[in-house]
Structures are given as C-alpha cells and as structure tokens.
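The sequence and the structure come first.

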Amino acid sequence: MTAATHASLFPQVPDSADAVLDGLDPEQREVATALHGPVCVLAGAGTGKTRALTHRIAYGVRAGILQPSTVLAVTFTNRAAGEMRGRLRQLGAGGVQARTFHSAALRQLQFFWPKAVGGEVPRLVERKVQLVAEAAARCGVRLDRNELRDVTGEIEWSKVTQTVPADYPAAIAKSSREAPRGPAEISQIYAMYEQLKRDRGVIDFEDVLLLTVGILQDRHDIADRIRSQYQHFVVDEYQDVSPLQQRLLELWVGDREDLCVVGDASQTIYSFTGATPDHLLNFRVRHPQATVVKLVRDYRSTPQVVHLANGLLAQARGRAAEHRLELISQRDPGPEPVYREYGDEPTEAEGTARRIRDLIAAGVPASEIAVLYRINAQSEVYEQALADAGVPYQLRGAERFFERPEVREAGVALRGAARAGGNDSLLDDAVDLPSQVRAVLGTKGWKADAPAGSGAVRDRWESLAALVRLAEDFAGAREGATLSDLVAELDERAAAQHAPTIQGVTLASLHSAKGLEWDAVFLVGLTEGMMPITYAKTDEQVEEERRLLYVGVTRARLHLTFSWALSRSPGGRASRRPSRFLSGLRPGTAETGPRGAAGGAGGIERGAAARRKHRGPVRCRVCGKTLTDGGEMKLMRCEECPSDMDEALYERLHEWRSVQAAETGQPAFCVFTDKTLMAIAEAVPSSETELTRIAGVPARKITRFGADVLKICAGQELAGDAGED
C-alpha cells in the first residue's frame, strides 16, 4: 500500500449531499441511498462496508432526510464506534450517536434508572473473575486459573442467551458447547455469583443489557421516549449479535422498519460468547420487504489473496457456508501467498522475524506488518525473535493511545504552547506547524532518530513520533493551520479514539485482528491442534475455526505468509501436521472440502530448520534425561540437577547486560535471557565456536556481543566504552 496522502488523512468535507456519494461503487451507492424501510447489507471482507454505512448516514443527514440526533449507529467495539464517529465528522454529519451495544444501554440505564427504579444505578463490578472465584469457593469448588476463566465465560454465555442458573444444565445439553466442569457445579457457581452481586449491590456488563431490556419491557413510557429520540438504527457486524442484544434492538426499534443491518456470516467468530449469524441470515424472513444489497468488490486484497480466501471458504460446510460471498478483487495482481515449514517453533519465529526485516528493508513500513496467531500464549517467542532482530513491535490489546502517559504529557505541552502563542521561546526558531510540534515534543523526549531496540524508551518515542507525523499530515492538508487547530484536532480524535499510526509490527491474536488490515500478514503456528484448536470437537466448532483463519487471510492487502513448525522445541520429535485447512490450497495437497476449492497458486518454501537433518533429542548433561523445556535445553541440564555455574561470572554478565540494555533502550532479556546467561556462566566458553554451542546465542548475537562475552568469561576488563558495538 502506498503511503496515505494528506488529503486522504484529512479529507475536505463534501460541499453537498450529492458530493457525499462521489466515489462510491454502484452497490455502495445503493446502500447509501436506501434510506427508508429495512435494509440488509451482506458485505464481504474488504468491500468498504464502513464506507458505505457512514456515507449512507451522512447522505441522509446532508439531504435533510435524517436528523443527526435521531440516528443511533451500533457496533461491537469502542474502536469501531470511534472510527465511525470520526468518518461521520469528516463527512459533515457530526452529532450522530455511534456506540457499542453496552455503551448505548449503559447511557440509557443511567438516565432512566431514577425514574424506573429509584436511586442511583448500581456500580459495575470491577473484577468479575474474582467474584466468580469467591462464588466457587463458597460452593466448595476449587478452580484452577484456566477453569476459572472458562466458568466465567459460561456465566457470560448463559446471560447473553438469557439462561438462568437453574436452566443451565438443560441449555448446555441442547447446545454444542462442552462445559469446563459439571453442569450442575457451574449452575451452582452461577447462582452463588448472582447472589453475591445482589448482596454487594453491583452489576456486570451483561446485567447492563438485561436491566435495560427489563425496563423497556416493563415501562412502555420509557420505551416510547427512547423510540421518539432514536428513529433510525444502523447495526454493524450484525453476524455477531447475541440473542440478548437482538432483544434489546427489537425494543429500541419497536414496530418501525427504519433499520439497516450489515454483516458477513463467513466472519462469525464469536459464537462462544453467544453470537449467532441466524439473525443476519433470517433478516429477510422477519422483514419480507427488506432491500438486500451484496458487497463483493474487494478493494483491500490482491487477486492472489482473494483467490485463496475464496478457496478456503469453498471447502466450508454448514449454513453460514451456504451464504458465503464470492469476493472479486479490484486491485492489481501481487505476489503469491507463501507457505513455510520449520523444524521447531523458535526457528519459525526467527524465520518470520528475518522475513519481516527484509520487508522493512524493501520499504514496507513496520506498522503495515502483522503477525497473527491463534492464542495469546504464542506471542512470547515472536516478541523475543523480533527484539533479537531489532524490529520494533506492538502488542494488540495494549492501552489506548490517548491514555498513554507520554501522549497525555504531550497534549498538555502542546496546549500550553498554543495558548502562549508567540510568547513561547521554544517556538522562536519554528517556521511552520510541524517544526513547532517538533520543538515542543523535543522537551518530552522526541528526537529525529529512533532509539535502538525496543522496550519502554522505544515505546515512548514511537508515541511522540506518531504525533509529529500527524502534525505533518495535518499541516499538509490544512493550509495555514495553527497549533491551536492541531490541539482541537487531537481533542476530537481522543474523543473518537481515532489514534495515529504507531510505527511497529503488530502482534495480535486472530480474534483481536478482526476489523484491521495490513500490507503484510504472517499467519503462524498453523498446525493441527492449534488451527483448528484442539478443543474444537463438533463440526460447527471446526467450521468456526475455518472462519477464524479466513478472517486472518482477509487482513492481508499484498503479502501473505503461512507457517508452521513440526515440533515445539529444537531437537523435539517432528510429530506435528500442518492445519487441515491448508489442504487443497498449498501446492501438492488434496482438497478436503465437499465443494472442490480452487487451489491457491504459489510455491511452497521450507525454512532452514525443515531442510536440516533431524538432530535428535536434547539430553541433560548431568543425568541424561531427555529435555523438552526451552529453558532447560539452554542450560543443557534439568532444573533440579546440580549446577556448576560460576556465580561471580554470572554476576559480571548480569551487570554487563544491564549496561547494554540501558544503552540500547531494550528490555534486558532482548540482550540475553537469564537462562542464557546461566548457560554461559556454566559453560565458560573460551572461543566463538564454544559460544555458538549454547542455545540462545545465535550468530547475529555473537557478532554483536561475542567479543565482550568472551572477555568477561576470560576475566578480562572491558574498555571504558565496553558494550558499544
């Protein structure tokens, strides 16, 4: 993807209602102009559904057909709601409410509670898991951490499917779910959890929806007041609506027909939370007069990526598969998807990091690259590999941009400079808005050159650098813009949670990647047991795993790489198999689905570890036991076996590592982990050859740190500038 222009980042507000429709394709235009009656938009990945939705609302507002205050647009994440508010503001349709279901319901609950119930709304429980743990303990049930999380999920599922504790065993028997504990036990814990909430006068997020539904059902006067306020409804990601959310929507809408829903059954990936695509697929049954529009022109991905995505779904089964959309790429051809097989997980991570470094060297911004995995526990090995490769990264799910301390400090400094105007000596040499911002943020740690490595120092710099780039783009799009104008823009973006781009590779789970896109996507760890996940037992659960992989594939604009490792650890038995979902897509494999999927073209590349001769198991050098733990393999011994480590040498290495980390701005483990330092202190290598035999000391680190480490092991003093490359 080419860099965004100033105009695309800060577009001019259309000068008329008709101008809002400029640039829409025929199907998007049909969505935008269908302002009356029920409308169902079936929108595939990358087809511009958010664009169609926001232009629909903006066109209705600008044409005088819709009043901004009477429109309620509902989506599923705060980020998506913020993005929608930002786009509507750019289209001249400010004042429209764009919220999540929970946010909209909580606002109504807070407003109407005094009238409907009296007093103040009960406070929200801060740590639901802790309360579930207490409920289990009172029931005499001991839960480990994973069971506690799963039981909490069962309680949430029960509430969004409107299942009371006594009915849980029967409900679970009818569903395809597998209870993490005995249904009777969970029913008992669920009932005790509800009792504890009542005793303490607290509610949880599911209660927000349940209580709002209860008030609207019982108090027709309040329901009528909400319906008079909101007369036009838009629901995004409708395939993820739960029965409870659907009931709330029905109460909001009443007997009217001014409802527009948008979704894609092939992207239903939250059924474990109670979501179901049935509401989307049955929309025409409930609303026979509905206008149905299909968006299939894919503006995001190349024909190669789209072809593979279509092939993946062509093998699917079930009702959602029967309603799949065949996407048609609107982009020029790009590179073929790549398949890479590795001998073990660390080698897979290192190979991925090398490929990412090559892409960045070729001009792909780090912020346009993502590594996506099935579960969050897979991230650690990629964090380590990227840090070792000197590639900055960010974990998806970290704190919001505008809530970061450095961003708050920068906002205060910019606001102060804007108020001072020409009286601020910091701005004496600044000739334009970008130079003013650079001068102000220079006092907060911004420099023209990024600090080396990753860690807190690099994270702070990336946040400030994002603000500098935003100022440059803003000045390019708004001639004569002042510092006060930029501060106002930042305030609006903060309110909409419309953050600027951070320059780092994104590490994210497939679930958290929904709704995002990148130039290059690496789908990693694609083995049986991980994709599909091992606890996906039924056909429906396996098909949801396929849809989850489809979501990952359709995040990629240009570069797409699939990878898997044959074993978990170096020297481990190569017993793993690539995901069944890749059969029929990667060359040399047979189709597994019933529909004859079109195989994805493109060569298969094998990683270095897969080409190497199998090395056999790693054994403890003390007792001879086979080692499987990564830390033990670095030490070449069991944790409990006696150590012959040189304690003084370990301390010198530890001190040296601290200096290195401080100088490069990296976390200490990015230099060497504690286990690697222990292994070095036990082996006391005297040459590079001996140093290379220690796990965790790759050739690149020997080049960078080898001389220092060998001097320390030999008892030699380092020069005054020791540690610098």
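Phe-112 counts as buried, because its relative accessibility of 8% lies under the 20% cut-off. Phe-111, in contrast, has a relative accessibility of 54% and counts as exposed, since the limit for that class is over 50%. These values, like all others in this report, come from a predicted model.

The structure contains ten aromatic pairs. In one of them, the ring centres of Phe-111 and Phe-112 are 4.9 Å apart and the planes stand at 85 degrees, so the arrangement is edge-to-face. A pair of aromatic rings is described by the distance of the centres and the angle of the planes. On that basis, the pair of Phe-233 and Trp-252 is stacked, because the planes are at 10 degrees, with the centres 6.4 Å apart. This pair connects distant parts of the chain: Phe-233 belongs to strand β6 (residues 232–235) and Trp-252 to helix α13 (residues 243–253), 19 residues apart. The table sets out both pairs.

| Aromatic pair | Distance of centres | Angle of planes | Arrangement |
|---|---|---|---|
| Phe-111 and Phe-112 | 4.9 Å | 85 degrees | edge-to-face |
| Phe-233 and Trp-252 | 6.4 Å | 10 degrees | stacked |

Both Phe-233 and Trp-252 are buried. Together with Phe-76 and Phe-101, Phe-233 and Trp-252 make up one aromatic cluster.

Trp-252 also takes part in a helix packing, as one of the α13 residues that meet α11. Two packed helices are described by the angle between their axes and the distance between the axes. For helix α11 (residues 205–218) and α13, the axes come within 10 Å and cross at roughly 35 degrees. The crossing of α11 past α13 is left-handed. On the α11 side, the contact is formed by Glu-206, Leu-209, Leu-210, Thr-212, Val-213, Leu-216 and Gln-217. On the α13 side, Leu-244, Gln-245, Arg-247, Leu-248, Leu-251 and Trp-252 take part. Sorted by class, this contact holds eight nonpolar, three polar and two charged residues.

These details belong to a protein chain with 30 helices and 19 strands. The chain has 725 residues, of which 52% count as buried. Of the contacts between residues at least 6 apart in sequence, 77% join residues at least 24 apart.

Conventions
Residues numbered from 1 in each chain as written. Predicted model: local features only at pLDDT ≥ 70, side-chain atom pairs only at ≥ 80, totals over all residues. Heavy atoms only, no water. Helix = DSSP H or I, 4+ residues; strand = E, 2+ residues; numbered from the N terminus. Buried < 20%, exposed > 50% of the residue type's maximum accessible area, 1.4 Å probe, protein only. Contact = heavy atoms within 4.5 Å. Phe/Tyr/Trp six-rings, centres within 6.5 Å; stacked < 30°, edge-to-face > 60°. Axes fitted to C-alpha atoms, helices over the stretch in contact; angles between N-to-C directions. Left-handed = near helix turned anticlockwise from the far one by under 90°. Nonpolar A, V, L, I, M, F, W, Y, C, P; charged D, E, K, R; others polar.
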